[in-house]
Amino acid sequence: MIYAMNLYDIVEGEEETYRQYVKLATQQLKDIEARPVCTGTNPIRGLKGRTRQHMLVMQFSGLEEFDKFMQRLEDHQLNSLREVSTENYIWTLYENWDLKSWSSSY
């Protein structure tokens, strides 16, 4: 299991473009072992550096499923919608971490 974490801002005036991207990208998840874990907006407390206004965490059953999703986005030319409608975009992948098991080993 892996997690994709995205932090970003929606470009002012491009809200409808981003809405279209989300709708079309969600359709590409058909037959992919993935699900949204959480989404957020309007950070309550800022961190050092630039604060992003939106957050999304997706869970994928593995890297192969994530790669399949990314390929579908590319095949349907959806990345351009995201690139036009978002800025300050940061995303990264994380492996699952059993924090309870890890911390109890001390």
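Helices (H or I, at least four residues) and strands (E, at least two) are DSSP runs, numbered from the N terminus. The expected span of a helix is 1.5 Å times one less than its number of residues. The model is predicted: local features need pLDDT of at least 70, side-chain atom pairs count only at pLDDT 80 or more, and totals for chains, interfaces and linings use all residues. Residues are numbered from 1 along each chain as its sequence is written, and side-chain values use heavy atoms, leaving out hydrogens and water.

Helix α1 covers residues 15-27. Its 13 residues should span 18 Å at 1.5 Å a residue, and its end C-alpha atoms lie 19 Å apart, which agrees. Thr17, Tyr18, Tyr21 and Ala25 of α1 are buried (under 20% relative accessible area; exposed is over 50%, partly exposed in between; 1.4 Å probe, protein chains only). These residues cover an arc of only 95° around the axis, so they sit on the same side of α1. The arc is taken from the directions from the helix axis to the C-beta atoms. Glu16, Arg19 and Lys23 are exposed on the other side.

The buried residues of α1 pack against β1 (2-10), α2 (63-75), α3 (79-85) and β4 (86-95). Thr17 has a relative accessible area of 18%. Thr17 contacts (heavy atoms within 4.5 Å) Leu81, Val84 and Ser85, not counting residues up to four places away in sequence.

Strand β3 (residues 54-60) has 5 of its 7 residues buried, so β3 is largely enclosed by the rest of the structure. Strands pair if DSSP finds at least two bridges between them. β1 and β3 pair in the antiparallel sense over 7 bridges. Leu7 has Met55 in β3 as its bridge partner. Strand β2 (residues 34-41) also pairs with β3 in the antiparallel sense, over 7 bridges. Thr41 stands opposite His54 in β3.
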